[in-house]
Structure formats: structure tokens, C-alpha cells
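Hi there,

Here is the structure I promised to pass on to you. Have a look at it first, and then read my notes below.

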Amino acid sequence: MRARWSKGLTLFLALLGAAAGRAQERDASPLAFTLLPDLLDPLGFGGPLTGTHGEALIVAGGANFPTPLVDGGAKVWHDRIFVLLPGADAWRNEQALPRPVAYSACASTPKGVVVVGGSDADAVYADAFLMAWDSAEKRVVFEDLPELPTVSAFGSAEALGSVVYVFGGKSSKSETDLAGGFWKLDLDRLDLGWVALPEHPGPPRLKMVTAVQDDSEGQACIYLFSGSQTSTSPEGDPRFEMFTDAYRYSPEAESWTVLASLPVLEDPRDLAGEEAFSAERWPINAACAAPFGKSEILTFSGSTGRYILDEQGKVRDPRVRPAFANRVLAYDVLADRWRDAGEMPVGVVTTRAVQWQGQIVIASGEVKPGIRTPRVQALSVAQEPLAGEALSAKFRTLDYIVLGLYLALMLGVGAYFARRSTSAEDFFLAGRNIPWWAAGLSVFGTQLSAITFMAVPATAYGSDWRRFVGSLMLVPVIVLVIYCFVPLFRRLEVTTAYEYLEARFSLSVRLLSSAIFILFQLGRMGIVLLLPAIALSAVTGIDTYLCIGLMGLLATAYTAMGGIEAVIWTDVLQVFVLIGGALLCLIVTVADAGGVGAVIETAQAAGKLHIFDWRWSTTDMVAWVLIVGFAFTNLVPYTTDQTVIQRYLTTRDEKQAAKSMWLNLAMTIPTGLLFYGLGTALWVYYMAHPAEQALLPEKVDQLVPWFVVTHLPAGVAGVVVAGIFAAAMSSLDSSMNSISAAVVNDFVVRLGDETRTWDLLALARRLTCFLGFLGTGAAMVLATYEIRFLFDFFQEIMGLFGGGLAGVFLLAVFSRTVNAKGALAGLVAGSAATLVIVFFTATNFLLYAAVGTCTCVAVGQLVSCITGGETRNLAGLTLVTLKDPVDAPS
């Protein structure tokens, strides 16, 4: 099945790529390495103390063999300190460490380089000290720190701000004695000393590789890769176990997560006439690592047992030991996947990679067992100028003109339809005269918000295609809606979906359901304005508050004037602009990424086209979670949400409503392919251009607008950005008009004084204006807070309350025995069950709607059974009784 999907994706990308006339060849080796000045020692060092502080790159200590190992030479430890300053063409070497030391765990912090443990010729140590650069005195200064609870060498350390985390290595001169342990030390609270933390779930080891990078939720985590373990055979020969496992530690949760292991790759080098060994038999671990860009970690070089032992497991003659691999691997923290990133000039082990002056610097290290190098390799992570200019997001004059014209067009649409809204029914239902195709495009546009336009490609960029299941699971939902829900809603000629619940159950069910809808939409309005505004502000330079104000005020103006008719026709225009913009971005990206073949080959090799993960889990995005979760998550808006239902109530009749839903379905899957294809192509492009990747916005949701304004021509970029503005306004106008419809029809008219004459059209317009100002103001208030996860929170809230609401509608349509008491009890129980799942389990949030819906249905049936069931005449109110005469008994 996976092969069939890959073929389908291949054909899709091929058709688009055929239109690309500017395909460029991809750089086969995109890593931009340079060499810094050599260390002032012709041999170089293994296990040097390496770090950065202020402007200084510091390399100290280390060990080497002044007399070559092949000649029986002994290892010598050193105490020299080398300092390289920006722009210098040579290292400073004017100081020495308190004593010779190597193989310490080092971490760069704002206070200096923390050095923990290490060894010399005689022993392994537990002492710790701070090595800081005094920029005024131009010298390194030292400060003692609390000793580690155990001696350790060949361990590793990382820093998060002023907190240092240390992994224990070996506890004696023998590599078979492992210290283990994991601790942290807060440099601002030295009185607390070293605090023990839970160790990773893998076997004990030394020479582990660590790095710090943000996880998929934006939290800084510590990543641990590979390492080794040494034992002795009964014959006395060493045995090396090279680990390729990987783990992530969350400081916030103080817990570990198992990650994808380093890939098994072939090592084709010939060893003195021997056949090349398979890396599966001789696992290659990593030597050092560093964060790269916003979502990757690079691991450099590595070692295997075969560098010391031959095929029979005997110790090799040092003269035939090969050089260490110069392979560079990249781990994607969002996708939990590895890729082969290229090669470094010289493979080295027993050294550390540090960030300095926009580069990842790897100083000295071991190139072969017993042989060091004085070379200092540097990988640039800063963008090189393009054609004399630095690449930057720039909104040009023509883009502003296009944006202004587009927004003026939106306002003109509202003014035009204002003359046609002469009653509340016109304002909410457009006189039920909307063409089916426009209603279908509007439903599609309502679901295609600006956040979706940006977030779906970002999801494919950061992960794979597994969430595409959401588009596929819309098929059964739409079929259910067309054949089961549309007939009931249309034949009852309701204005809101909740009117049907009163007819089927009671007034209390109607009011509660409508209130839940209104509260959710009120909370949602500020978010659907704010998040696109932040993204657009980041990439265009337009002030965030100005973005919010423009979108909010214009959407309020044309919605208050033209009602649902203006909303629908602006949706239609927005759909064409957004899809056209996404298609253009895809064509340009595929061309710039090297063509269709390069995109497919690279994406397949990295597993980016993967859809179904058949593992069992209730927490991960595995196949069954996505299938069940998206089935129920899609069910909620299409059966309970007034913003969607109102669209298919605006058509002339039931048949037209059904056609509008079929059109919506027909567009959903192809556009899903389009957006996921765009995200994948963007990933391939930026992997081939790592310097550009380093300049990407911090938040991956800003990726698409960033690409638009940095790669599309002036004017064209303005149209696409205008489309994003319009999509945000579409989400807002849908909420305003639908909330207004619910308030007017479900509360004012239904509960109002029958003797009072209401100007419902004027009320609807005033209410729309109030809601528009409320949503715009909420977005501006939220702009002053950290809202990184706020939209995810509201997605969870939809599952929290939407699931129970969907259950109520299912009970109403499909059951003749459930009564009002059962429906209310089910709605409350569904929400309560979902709350339990949210706060007491780690269940994936996609399952919230399923839990709420199923609980509501089960409890509704049970309570109705206990309370005597439904005794009223239900003719025309359920699917089974839809065609019964109204006066027939139920």
C-alpha cells in the first residue's frame, strides 16, 4: 500500500514539475566547510577541552603520542591553552591549565566553559572548574566548582542557560569500568551542588554524543546519541560494542524519550585488501554533534570496532588501522528521522563540536587510532550573500499596492451585497439562492483557514505525510452528512443547526448546544486573527497590530454590510488565490530544489512520503489514531458547526446542498496533496541549501509566507500574502456571521418577548460589528502574551466540547429512543470523559473528539433507557422517520 501511495505522489509531483522551466542542479555537497588556523602543535590533540565564552574560542589540554603509537610510543597529556579571537589568523598560546587533563566533559555557558572530570596519565577525576575569557585582560581565568559525585572521563556535558547537565563516562583508567549517572548543576545556585537526574533507558556507556535542540513543541531538550561499551573476551581480547541508539531528555518533564537509531550505512572503504564490512555488522556511532538550523542536529564522523579489531576480532596492527569516517548525519527532531547530510574534510573522534561566530567548529581530534590532527574544521551556518545581497524577507512597493487593491476588493464585495440584504433571512441565508458551487467553495474555504494554509505545509516540512489521513477520512464524513444530515436540516428549513435539536429533543438541548458553539467561536476568533498576523508581520515587516487591525476591521465591515452572501463570495475568491499561490510555490520550489527527480529521491530516502505507521500507541501519530481521530474530528464541524452547516443551508434545495458538499470533498483531497507536496518540496529545498535554512523564521508555521516573500516576484508575492490576509478574514467573518445567526435565532427570537417587534436585520448587523471589534481586540490583547501553543489548545478544546456535541447530533439523527434527558446527560458525560482523558492520561489529542462522541452516545442511550425513552412523535425528525407523515405515530 505504501508503494502505491509513493507512486501516486510521484505522479503528482511529476505533473507539477513538468511546468517548471527553471530547474537547477542541486549541490551534491551542500555543507560549507572551511578550515580555521591550525592549532599551534603539529600533532594535535585527542580529548581537548573545547568551548566558547564571549568572543573567544578556547581549546585546552588534550592528549597525543609524541612518539608514534606504531613505534610503541606512550600517550602524553597536556596543559596548554589555545585561544582564537574573531578575525585572528593565529591562535594565542600564553597560558596553561592548572594541570594536564583530557577527555573531560565540557559545556559552554554565559559564565564560561564548564569543565567536569577528565583524566591524565595516572587517574580519572571528579573535579570541576569554570574556564572563562576575560576580554579586558585578554586571558583565561578559572573558578572552582563543586566536584561531581563520582570520577568520570569520556563523559559529556550540555548547558541550558546557566544549568549544566553532565553524563558520566568511565570511572577508572580501564574502559570496562563505567561511571554512569546523570546530574545537573545550576551555576546560579552552587549551594545546591550536583543534583542527580533519571538516567537514559539505554545501557551504560562512554563517549556518548550530546546536543541541545528544541523539540517539536519548542522546548529546549538534550539529545543523546550512540556511545560505546568495552568488555574483555575470555581470551583477554577487547570487545567493543558500538551503540547507535538515541534518546531525548526533557528538562521540564525530567523524562526520557526513545528516538530513532542512527541509520545503518555501508562503509565502502577497503582495509589492506580486505573486503569492505557491512555497517550492520560493524555499527558506526557518532563522534560529536551540534544543533543545525531550527530543527536538526548534525553528528560528525564516528568510530566502529573494526578500527581496532579485524574480521576475526583480533587487535589490528596499528599500521593498517583506517582513518575514521568523515560522514555527517542529520537528525530531524520534528520528524524523528535521520539522513545522510554529506561529508566533512577530515573524520575525527574524541573531540567536541561547538558554536562560534556563526560556525560549528570542530577543533583537532583523532583521525586514526593513535594519530591526531592540528586542523580546526568549521561548518558555516550563516547565509552567504546572494548576488551581492543578503537574502531577506522583503515586502516590496508593488506587493503593498497589490495587497491594498485586494483588501479594497473585499470591502467592495461587502458594499455590493449590502443592497441585497433586506431581511434577517437574507443576512443569514442569502435568501437560499447561493449557487451550489459557490456554497461548496465557501465550505472548503471556511475549513481552509490562513492557519491551515501555513500549518499543513509546515507539518509536512517537519514530519511526513501521515496527517494526510485527515483528508482521506473526510470521505466517510461527507457521505454521512449528504445522506443523513442534509435531508433533515433542509426539510425542516432551519436557520441554525440547533433549531433541529429543539425539535428533536427540547429547548434546553438547543440552548446548551448553541451556547457551546458560541463560546468556542468567541475564543477562536482572536486566535485565527493573531497567528496569521504574527506570521505575516515576521516575514513582511508589517506591524503585528496593524495586520490584526486591517484584517479585523475590513472583515467586520464587509460582513456587517453584506452578510452571508458577502462572506461566501469573498470565500470563493480567497480559495482561488490561495490554491493558485500554493501551486505556484510548489512549482518554484520543485524547480529550485533540483527538479522532480531530486525532490522524490531525497524525500523517499528520508521517509518524508511515509503515511501509515501501523504501530500500536495511544499517544503517537500512528495509523489507527489518525484514522479514528480524524474521522471524529472531521465529524464535529460538518455535523455541529454552524459556520459549515450554514453554507449548505444557503442553497436552493436539498439536491443543490448535496452537490455543494460533493464539490467540497472533491477539492479536499487534491489540495491536501498540494499542501503536503509543498511542505515536502520545501524540506528538500532547504536541506539542499543549509545556509538559507539557518535564516528561516523561528516558528515553522511562518515557513510558507517566508518562502513567498523571499522567492516569488514582486506583485505575485503580494497576491499570495493578500490571499493569506483574506483567508484569516474568511475565518473571522464566518465566525461573526454564524455567531450572530445563533444569538439572534436561538436566543433573541426564541426567548424574546413575542409582543415586541424586532428589527432583526439591524440587530444582526450591530451584533456583527460588536463581534468583529471583540475578536480584533482579543487578538491585540493576546499579541502581548506568549501564544506559541494557544491554537493547539483551542484545537483540543474543540475535541473537548465538540465531541459531546457531535454525539448529541448522532443520537438525534439515528436514534428514535433517546430523549432530552439522555441527550443532556450524554453531552455532559462526553465532556467529562474527555476532561479525564486530557488531565489524567497521555492520550493523543486527536482522540478527544472520539472519546467525547462515543461517551455521549453510550450515556445518552443508557440514561434514555432508564428514564423511559422517547415518547413523542418523531415524524420527520430522525433518519428512520424522515418520510413519515407528520401526524403518524412514532
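Let's start with a cysteine: Cys 769 is partly exposed, because its relative accessibility is 29% and the class covers what lies between buried (under 20% relative accessible area) and exposed (over 50%), using a 1.4 Å probe and protein chains only. Cys 585, by contrast, has a relative accessible area of 1%, so it is buried. As for disulfides, meaning pairs of cysteine sulfur atoms within 2.5 Å, the count is zero.

Before you go further, please note that this is a predicted model, in which local features need pLDDT of at least 70 and side-chain atom pairs count only at pLDDT 80 or more, while totals for chains, interfaces and linings use all residues. Residues are numbered from 1 along each chain as its sequence is written, and side-chain values use heavy atoms, with hydrogens and water left out.

Next come two helix pairs. Helices (H or I, at least four residues) and strands (E, at least two) are DSSP runs, numbered from the N terminus. Axes are lines fitted to C-alpha atoms, for helices over the stretch in contact, and angles run from 0 to 180 degrees between N-to-C directions.

Helix H4 (residues 436-447) packs against helix H10 (residues 544-592) with the axes 8 Å apart and an angle of about 65°. H4 is therefore roughly perpendicular to H10, since that word covers 65 to 115 degrees, with under 35 roughly parallel, over 145 roughly antiparallel and the rest oblique. Residues in contact (heavy atoms within 4.5 Å) include Trp 437 and Phe 444 of H4, and Trp 569 and Asp 571 of H10.

The other pair is helix H5 (residues 450-462) and helix H14 (residues 654-688), whose axes are 7 Å apart at an angle of about 55°. That angle makes H5 oblique to H14. Among the residues that meet are Phe 453 and Tyr 461 in H5, and Trp 683 and Met 687 in H14.

Finally, which residues have a positive phi although they are not glycines? Ser 226 is one of them, with a phi of about 50°. You will find Ser 226 in strand S17 (residues 220-232), and it is buried, with a relative accessible area of 0%. Ser 301 is another, with phi near 55°; this serine sits in the loop between strand S21 (296-300) and strand S22 (327-332). Ser 301 also counts as buried, at 6% relative accessibility.

Enjoy exploring!

Best wishes
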